[in-house]
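Visitor: I'd like to learn how to read side-chain contacts in a model like this one. Could you walk me through it?

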Amino acid sequence: MHQLMDRVSVFNGEGGFVLKLRAAAERILRQLQEHPETWTRVVAILQNSQNINTKFYALQVLEGVIKYRWNALPVEQCQGIRNYISDLIIQLSSNDGTFRRERLYVNKLNVILVQVLKHDWPAKWPSFIPDIVSAAKSNETLCENCMIILKLLSEEVFDFSRGELTHSKIKELKESLNSEFQLIHELCLFVLSFSQHQELIRATLGTLHAFLSWIPLGYIFESVLLETLLKLFPMVPYRNLALQCLTEVAVLSFGETYDPQFVKLYNVFMLQLQLILVPGTNIPEAYANGSDNDQAFIQNLALFFTSFFKAHIGVLERTHENQTALLLGLEYLIGISYVDDTEVFKVCLDYWNSLVCDLYQTECNVENPTAAAAMGLQVPMPAGLVDGLAMSQRKQLYVMPLSKLRLLMISRMAKPEEVLIVEDENGNIVRETMKDNDVLVQYKIMRETLIYLSHLDHEDTEQQMLKKLSKQLNGEEWSWNNLNTLCWAIGSISGSMAEDQENRFLVSVIRDLLNLCEITKGKDNKAVIASNIMYVVGQYPRFLRAHWKFLKTVVNKLFEFMHETHPGVQDMACDTFLKIVQKCKRKFVILQVGETEPFVMELLKGISSTIMDLENHQIHSFYEAVGFMIQAEGDPHKRDEYLQKLMELPNQRWTEIIGQARQSVDYLKDHEVIRTVLNILQTNTSVASSLGQPFLSQISLIYLDMLNVYRMYSELISSNIASGGPFASRTSFVKLLRSVKKETLKLIETFVDKSEDQELIAKQFVPAMMEPILADYTRNVSDARESEVLSLYATIINKLKSAVIDDVPHIFDAVFACTLEMITKNFEDYPEHRLKFFSLLRAIASHCFRALFKLSGQQLKLVMDSIIWAFRHTERNVAETGLNLLLEMLTNFQVSEFCNQFHQSYFLTIEQEIFAVLTDTFHKPGFKLHVLILQHLFCLVDSGALTEPLWDVNSLGLSAFPNNIIFLHDYTIKLLSSSFPNLKPLEVKAFVDGLFETRHDLGSFKTRIRDFLIQSKEFSAQDNKDLYAEEAAAQRELERQRMLSIPGLIAPNELQDEMGDS
């Protein structure tokens, strides 16, 4: 066999013949790898082959067996493999030359050995640690490889075990490593103290680095380990590895027991650091000009300082001597924060964020000590800082570092999402084409940090920002980047100041920015300043609401920018206008002091000239904003008057088009006319989305004509596809017609969704659309059916609920069979129809459930088959909708008179299908819902709701099982045993027993299933974060509540309330 594999690896090169040979060879290797007995030849291959690729292939086969079938192999075979791998590693790593030459091969063997250990140690190989330590003492090269194996083992158990090993196995391995660590500790100290072998010392430091995070603290603080590491730190070959080890120690924090040792560690470290990196060194410059090792040193230094300060800054704050060393460390960290490297900055930023958060919680809540607890702020106060005087001393200690930190944050502020104008790689100002998520995350953290810094000293924050702005005006620091970061910083602290201070600050800022716009020449320069003005004003709705003249000036400035054709300026002007109107809408419809009419009237009179240079999508945004203004008007007559005025231009054009169409229907076929119709409908949708119920008077004007246009365009599409075949649906003409249909449906859906008069919708709007929309959907060929029809009817049912229960059979007949036929051929075609179809089905199940009782048995089977098909889907949204729908249906059927009938037909099918998706790796995101459905089924059998047997009475008889619980227990064991032949029958039985024991406790039930998935090996060596998604969501909600409790942390324009807009 090894000769065959050796030959396969020679098929390299180009040319058709060689490529064919290589493809054939790879096919053979794949078949071999899948053969259940191939692993039995691995030892022979490793002994006889000289080809490294062949050896790696054999090890790959062996690794698969160890991961997925090890526990099913006979004990003798397991021991034989284990001993052979161990002996081979010793043989290859006993000789320095062989070890260096075969390094990759030895590394792979090490990985294989650790995979074996995860199964066999400690139970089946209790002497492993003494064995490896004993082997290490015999030879320095062998010792180096033993260190590598120990490091791999530590990483597997402590870093990569979640999602790969069960809870009990992880616990067992950790306890074993802890109990036997003394031997490893002695070996590491012996090597570091007496060896002169550079590679061995480096490997030992690497192993220690992996172990330090979990070993008992006595091994660190009650031995010479720290002293040894500090001695190695100044030596260039070991500097970075020793620093990484010291960082692992710095992270540790267990009460005050070892505080003296931590203080000593920090002070000795600082003395040594000053010899390596002299205080006052320009660290960003040193980093830019340094070697890879120098740069790694700066990175590791950032990690050491941030880790140490996070865990132990409190103990350094207590005495004057330690405070001096602390401030020097913070000075170093500020210098490192200016390094032009994203990863280094992220590390520093994370720490600065936690420091200022801690200071805010201890300093800004000192007058009300219970406030922090009430807001859920749990950062402990450092010991000894309990009275107000000590608190103010603590704040005083950080005055200088925090002032420098404010300057750092202002100078390096990341770009917010709202800013659309950027500098490209050629130095040109252009419109942003793609959002950078990393930058947005960084902005969020920097914004939060600046908010805390502002709370800690509003005066210093304000002075630093105004000082930098004056340097923009006088040209001393003028540059696009400097102005951008400054304005992004100014915008980011919105909501953190007291209102009077914010007003004073903003008056200066906006006045200076408007002056800067006037005095600066050059199109690009003006575009940058315009972008910054728009960003800043958009962040301060409270200020604008309180200052009508400023608000009016800002809005008029935005109208000016709407005529500026520089890329991105008009988009940003429209976005900012919309954002400001949403937060200040009342201000535009009331008569302000010194004005002769409300601003909205002034705007509506000049609307045609304001929007003349805007593109269609920008006009839609503008109309949406004015819709919000009109919605704020309390007088219905005025509201209708404003709406009529707003829609004058589109309505005029609509009337012209409909008039021409009545004379000749062909007029509607003109491309430009179709585009105009589309644009008019989009404008209507924008206004409907912001205006809501008062849009009734406008939609009533165009509704029937719109449905006629819909019907006509639909017939035109069908005739084009019928005559032109499938390709006709891709022509620009048909696409344009379909866009009009889609927008019509979107407009109706938007109005229905926003409407508050359900009776009006049910009587006036729904009946009129049955024929032109619903019947049209059924009649059309598949390629001409609009998915928006499905979402429209889902919205109607969600809105009107049981009021439309009598219409459900008509809806079902019109869309169900024909849509299912489209979407069940495969998992790819008609993606829009898929999700919207199941959303419609869910709306019916939620609000018109009893309508399902009117379906025939065949129709209900279609529904259930479609739900099963949905949650089998690999598209997450479709699968999730299917699972939610199934859970709702199970809950509803349980309390209905058809409970027995339904579950006798579908219970076992549902259980089987849910286990199928639960245990394949494509559907992990649905884990939470899979668990809820299984819990529902397991609880149902003894709930009293189910009174008839679930088994097949005709073939097994009525007395085959005492009750449904016994039957389900037996059925589930058989189902899982056949699906997982690699698991022993006892393991499957234990799992099913566990499910029945924990079925009333969701947390325990979920843990049982999670452990089973990992134990089954289907989910090993994969990213299993989706199995823990629910816990992550709960954590996110806690974080949001914390942010809401601190003024400014959630930007004022992101808050849902009206913020006093009255």
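Visitor: Let's start with a local one. In which helix do Glu343 and Lys346 both lie, and how many residues apart are they?

Guide: Keep in mind that this is a predicted model. Glu343 and Lys346 both belong to helix α20 (residues 342-363) and are 3 residues apart, which is about one turn of the helix. Their side chains meet in a salt bridge, 3.5 Å from N to O.

Visitor: Is Lys346 buried or exposed, or in between?

Guide: With buried meaning under 20% relative accessible area and exposed over 50%, Lys346 counts as partly exposed because its relative accessibility is 33%.

Visitor: How many salt bridges does the whole structure hold?

Guide: A search finds 46.

Visitor: Which parts of the chain does the salt bridge between Glu788 and Lys742 link?

Guide: First the contact: the closest N and O atoms of Glu788 and Lys742 are 3.5 Å apart. The pair links distant parts of the chain, with Glu788 in helix α41 (residues 788-800) and Lys742 in helix α39 (residues 732-754), 46 residues apart. Glu788 is buried, with a relative accessible area of 14%, while Lys742 at 31% counts as partly exposed.

Visitor: On to the rings, then. How many aromatic pairs are there?

Guide: The count comes to 49 aromatic pairs. To read one, take the distance between ring centres and the angle between planes. Phe816 and Phe837 are 5.1 Å centre to centre with 50° between the planes, a tilted pair. Phe816 sits in helix α42 (residues 808-823) and Phe837 in helix α43 (residues 831-847), so the pair ties together parts that are 21 residues apart in sequence. Both Phe816 and Phe837 are buried.

Visitor: What geometry does the pair of Phe849 and Phe893 have?

Guide: That pair is edge-to-face, with 80° between the planes and 5.0 Å centre to centre. Here Phe849 lies in the loop between α43 and α44 (857-872) and Phe893 in helix α45 (residues 876-894), so the pair ties together parts 44 residues apart in sequence. Phe849 and Phe893 are buried too.

Visitor: Where does the charged end of Arg412 sit?

Guide: Look for a charge over a ring face. The charged end of Arg412 is over the ring of Phe345, 4.1 Å from its centre. Another case is Arg239, which lies over the face of Phe297 at 5.5 Å from the ring centre.

Visitor: Last one: how many residues does helix α23 have, and what is its reach?

Guide: Compare the end-to-end span with the expected one. Helix α23 (residues 399-411) has 13 residues and reaches 19 Å from first C-alpha to last, close to the 18 Å expected at 1.5 Å a residue. Its buried residues include Leu402, Leu405, Arg406 and Met409.

Technical notes. Residues numbered from 1 in each chain as written. Predicted model: local features only at pLDDT ≥ 70, side-chain atom pairs only at ≥ 80, totals over all residues. Heavy atoms only, no water. Phe/Tyr/Trp six-rings, centres within 6.5 Å; stacked < 30°, edge-to-face > 60°. Helix = DSSP H or I, 4+ residues; strand = E, 2+ residues; numbered from the N terminus. Buried < 20%, exposed > 50% of the residue type's maximum accessible area, 1.4 Å probe, protein only. Lys NZ or Arg CZ within 6 Å of the ring centre and 35° of its normal. Expected span 1.5 Å × (residues − 1). Salt bridge = Lys/Arg side-chain N within 4 Å of Asp/Glu carboxyl O.
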